[in-house]
Amino acid sequence: MPGLTGPSDYSKEPPRHPSLKINSKEPFNAEPHRTALLSYITPVDFFYKRNHGPIPIVDDIESYRVSIGGLVKNPLEISISEIRKLPKYNVIATLQCAGNRRTEMSKTRKVRGVGWDVAAVGNAKWGGAKLADVLELVGISKNTSSSPLGGKHVEFISIDKCKEENGGPYKASIPLRQATNPEADVLLAYEMNGETLNRDHGYPLRVIVPGVIGARSVKWLDRISIIEEECQGFFMQKDYKMFPPSVNWDNIDWSSRKAQMDFPVQSAICSLEDVDFVKPGKVTVAGYAVAGGGRGIERVDISVDGGKTWIEAQRCQTGNIPYQSDDLNNDKWAWVLFKAVVDVPERTVIIAKAVDTASNVQPENVEVVWNLRGILNTSWHKVQVRRASQVAISNL
Ligand code: MTE
């Protein structure tokens, strides 16, 4: 049985890039500096790492199997080499933790959870088999919302163990309709950016559910179960739900809200930080914008006067400089990068807000989306900058 590390054994963690900002050591949660997000594909080393327990070890890949069972006629155990024989797909998709930008939300009112700046998000090329193809092997046809034995959800159960599940495995589910839809591009991924998935990101096999909060993209897959009701695990029922600002820890009713799936439209400035001293002249305002559910980014607006006036940023998906407009929204699950070169006044707040292809817009204030778990902070992203004085310029 792989994954021998228990829920509190952190003695066998993999090496990580020293520049990552560690938000919690055990379990390991870390994000890169925001400037690492200015390239279209996020290098593996700089991709955020979000864990709920120790990283499991699968050292005997020959004996590793994923079992597929539950409400299926012909359950199966499948090896990595068998999964690799299925048609391979490369899907460029942005993975975003629902807690991205939580630190900023906690400044309004206290929230519970690991603090994150704007980099609990990354964009990678994931390589693997489509879940829809894998499910056909157990007799579930494409584009169906119910299996022959009445299953309506697909549960992913991992190898890692976490406290929230009382020492049991991390798990989550998605509707069968999504899992069996080839267009939804749900993958069982064994590659990230053309390389074998590493331990931190789910070696040997993980789920990638594009357009959906990262919590559903289960790493270190052990079992797939076809079930009638949604997964009853902690992270589906008692976490990762969006509550209104009026709900607090005394009056919370977890069953009153649905498990969060698609993420809303989001953007962040990554070329500047609060109180960056910028040289007189033009300033580059660049970052990422991303929408869940396969919606593209229609527009990114930039303001250099605190939101009184706006200009539209250039957008691109390939990272080409100068930005091309003809390569937009080709990768429907991926972020777009944006850039605007602007004059800034002496002391100002620069703002980015994105609009998706359904014309959903980021909300102006964090207060209106505040929630006790601090998820989905998609409020306008603001950075305060100052123009450097002549004295300071010599140090820039
Ligand atoms: N899968 C397992 N087995 N255990 C986990 O702790 N964390 C989830 C998800 N899948 C998690 C998991 C969360 S909350 C996120 S945001 C993503 O993995 C993060 O994936 P990454 O670490 O590859 O960036």
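The peptide bond leading from Tyr-203 into Pro-204 is cis, with omega near 5 degrees. The model is a predicted one, in which local features need pLDDT of at least 70 and side-chain atom pairs count only at pLDDT 80 or more, while totals for chains, interfaces and linings use all residues. Residues are numbered from 1 along each chain as its sequence is written, and side-chain values use heavy atoms, with hydrogens and water left out.

A cis peptide bond is also found between Glu-26 and Pro-27, where omega is about 0 degrees. Strands of a sheet pair through backbone hydrogen bonds, either parallel or antiparallel. Within β3, Lys-49 is the bridge partner of Ala-30.

Next comes the ligand. Around the ligand there are 20 residues, of which Tyr-48, His-52, His-201, Arg-206 and Lys-219 come nearest; a residue is near a molecule or strand if one of its heavy atoms lies within 4 Å of it. A backbone N or O atom of Tyr-48 is 2.7 Å from a ligand oxygen atom, and a backbone N or O atom of Arg-50 is 2.9 Å from an oxygen atom of the ligand. For Ser-158, an N or O atom of the side chain lies 3.3 Å from a ligand nitrogen atom. On its own the ligand has 530 Å² of accessible area, and the protein covers 100% of that area; accessible areas come from the Shrake-Rupley method with a 1.4 Å probe, and for residues only the protein chains shown count as cover.

Arg-101, a residue other than glycine, has a positive phi near 70 degrees and lies in the loop between β6 (88-96) and α2 (102-108). Arg-101 has a relative accessible area of 0%, so it is buried; buried means under 20% relative accessible area, exposed over 50%, and partly exposed in between (1.4 Å probe, protein chains only). Trp-220 is not a glycine either, yet its phi is positive at about 50 degrees. Trp-220 occupies the loop between β12 and β13 (221-227) and, at 2% relative accessibility, counts as buried.

Finally, the cysteines. A disulfide is a covalent bond between the sulfur atoms of two cysteines. With a disulfide defined as a pair of cysteine sulfur atoms within 2.5 Å, the count comes to zero. The closest cysteine sulfur to that of Cys-270 belongs to Cys-316 and is 13 Å away, so the separation is too far for a bond. Cys-270 is buried at 0% relative accessibility, and Cys-316 is buried with a relative accessible area of 0%.

Conventions
Two strands pair if DSSP finds at least two bridges between them. Helices (H or I, at least four residues) and strands (E, at least two) are DSSP runs, numbered from the N terminus. A polar contact is a pair of N or O atoms within 3.5 Å; within protein, one must be able to donate a hydrogen and the other to accept it, and residues adjacent in sequence count only if both atoms are side-chain atoms.
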